[in-house]
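Me: I am new to this structure and would like to learn how to read it. Please show it to me, and then I will ask about one feature at a time.

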Amino acid sequence: MVKAHVSTHELVAGRYRLLDVVHRETNRVSWYGEYVEETLGARPCLVTRIGLPAGLGPEEAGQAADRVARMSETMAQVCPGRVATVLDAVAEDGSLWTVTEWIDGLPLGQLMEQKGAFSPARAATIALELLDVLEAAHGEGITHGELSPGQVFVRARGPVVVTGFGLAGATLTPRLTAPSYASPEQARDERIGPAADLWALGAILYTMVEGRPPYRDRDRPEATLKGVDRLPLRTPLRTGSLTATVQGLLRKDSRERLTRPVVRQALTRVLDEDPHAAAAPGVRRTYALARLVGPRWSGRAMAAGTALAVVTVVVAALAATGQLPGTDDTGSGGAQAQPTVSPAPPGDEVGDRVPVTPTQPGTPAPPPTPTPTPSASASPPAAPPRPSATASTEALPAGFRVYRAPEGFSVALPKDWKRLDTSRAADRSYRVTFGADDDPRTLAVTYSERVGPDPVAVWRDDVEPGLRELHGFRRIGAIEATTYLGYEAADMEWVVDVDGERVRTFGRGFLLGGHRGFSLRWTTPAADWDDDTNRQTLETFLKTFRPDTA
């Protein structure tokens, strides 16, 4: 057990003064502190002390501190604004001290002590925001492993902020801070993965609505972990519409736990069905639906972020309400307009009939491209050999203009369309979604540098399994190998139900070589799929899209 009392006359690491205890857990205490600097004076910060295992040598303790610092840097890039930035990590006197920027909010545990149990809708709102952070981390192969109410800070404005990344595995103990939120596999000291974070999410959900954790803290951490592993779940009494979700997340067998897409749908449904949630500030049904979009693509495939293309029909509504990912937020669920990823500056726009000079000197103008015509059951045909890196403006349909993205591609868009969402990952992967405020259709352009060698396999093995977990999913026809702009490519079409409406998506992924690849996803209400305007719009996208391959 970490002792909360530390003399305020002593400075941690010679520069951090501890003022007031903010939160206590089994092996973790956080203080409101000050960074004391001679020239700049005192600046506020959050200082957390975690007890290290007895007998841990200085070298191992230093490695634990380095791990926390490195993980913080990675997560700051992957999920900006949602993860507390670690300013310093120091191993000193048998403890690991982490110093983060001061968070203008309360730890979830302290908030529950003050306010009591939450309603299912409020709990679902916070859980959706947490799911955003976890999805971003899991997409980068990062497991939090220490998630608990003490690691989640709730702010009056903006999204929740998560601390504690990098603690899991930093020492020899299976669980450092809050044993009652450990997963059964952690209790058994087994290797953990994303399923352990989903267990912790379920335990936090349980605690928010029940007012107590699913497994109580006992006199010793070992006893608590034993209870988590062996005792049955205490029957929830107040979870209401969250009951099935909580029980599905708190399954002892990690292979049987609910997956992220299923959890997202379930939490969104709670907000959608709660009349008070719909009226509460920042909690809107359309915003909750957009949580299916996810904060960013997984990085495993060129078409990652699978749920995005399924539900992009709601993105235009989000832009109109100010809740759009990339304008105010790109996270998960919950309830508030929240800045996370800053969109890239708008690309150059060119009139629909103004000639465009190729980006590479000496590159000939692209030849006319045959117009692909997608049918109701088959993907558009292949395009001709590879043209230059600038979208062609030859004979653009009326009402279109060429957009050059600073990320390195160009495409002709309807004149009233704009960037709705920009998401980025640490490995230079990104996703840009285009649309208009009053238009239910969207185009998503994704780029990855971790693409497999077979474009058909990418759709089949990396994308479709996730889509199958969404309500009403059905693939239309086979995944078809083709070529596009002279590159190996594959097309896939599918439908899914979103809020009672059938949504249809056409996806084309193609390989640039060197594990690099793009995918284009066109999403529209299924009932409007064969509309002449929609067909012409998709044809124009495919005809004019150009990657910058320089």
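Me: How many helices and strands does the secondary structure of the protein come to?

Reply: The model is predicted, so local features need pLDDT of at least 70 and side-chain atom pairs count only at pLDDT 80 or more, while totals for chains, interfaces and linings use all residues. Residues are numbered from 1 along each chain as its sequence is written, and side-chain values use heavy atoms, with hydrogens and water left out. Helices (H or I, at least four residues) and strands (E, at least two) are DSSP runs, numbered from the N terminus. The protein has 14 helices and 20 strands.

Me: What share of the residues counts as buried?

Reply: Buried means under 20% relative accessible area, exposed over 50%, and partly exposed in between, with a 1.4 Å probe and protein chains only. Of the 550 residues, 58% are buried. Contact means heavy atoms within 4.5 Å. Among contacts between residues at least 6 apart in sequence, 65% join residues at least 24 apart.

Me: How is a pair of helices described, and at what angle do H3 and H5 cross?

Reply: Two packed helices are described by the angle between their axes and the distance between the axes. Axes are lines fitted to C-alpha atoms, for helices over the stretch in contact, and angles run from 0 to 180 degrees between N-to-C directions. Helix H3 (residues 120-139) and H5 have axes that come within 10 Å and cross at roughly 165 degrees. Angles under 35 degrees count as roughly parallel, over 145 as roughly antiparallel, 65 to 115 as roughly perpendicular and the rest as oblique. H3 and H5 are therefore roughly antiparallel to each other. Residues of H3 that take part in the contact include Ala123, Ile126 and Leu130, and those of H5 include Leu198, Leu201 and Leu205.

Me: Is the crossing of H3 and H5 left-handed or right-handed?

Reply: A crossing is left-handed if the near helix is turned anticlockwise from the far one by less than a right angle, and right-handed if clockwise. The crossing of H3 and H5 is right-handed.

Me: Where does H8 come in, and how do the axes of H3 and H8 cross?

Reply: The axes of H3 and helix H8 (residues 260-273) come within 9 Å and cross at roughly 155 degrees. That makes H3 roughly antiparallel to H8. This crossing is left-handed.

Me: How do I read a sheet, and which order do the strands of the seven-stranded one have?

Reply: Strands of a sheet pair through backbone hydrogen bonds, either parallel or antiparallel. Two strands pair if DSSP finds at least two bridges between them. The open sheet of seven strands has the order S13-S14-S15-S19-S18-S17-S16, with antiparallel pairing. Strand S13 (418-424) and S16 stand at the edges with a single partner strand each, so one side of each is left without a neighbour in the sheet. On average, neighbouring strands are turned by 15 degrees against each other, direction ignored.

Me: Which strands does S17 pair with?

Reply: Strand S16 (residues 474-484) pairs with S17 in the antiparallel sense over eight bridges. Another 10 bridges join S17 to strand S18 (residues 501-513), also antiparallel. Glu493 in S17 stands opposite Ile476, and Glu493 stands opposite Phe506 in S18.

Me: Which strands does helix H13 lie across?

Reply: Helix H13 (residues 455-467) lies across S16, S17, S18 and S19, running at about 15 degrees to S17. Helix H14 (residues 532-544) packs on the sheet and touches S15, S16, S18 and S19, its direction making about 170 degrees with that of S19.
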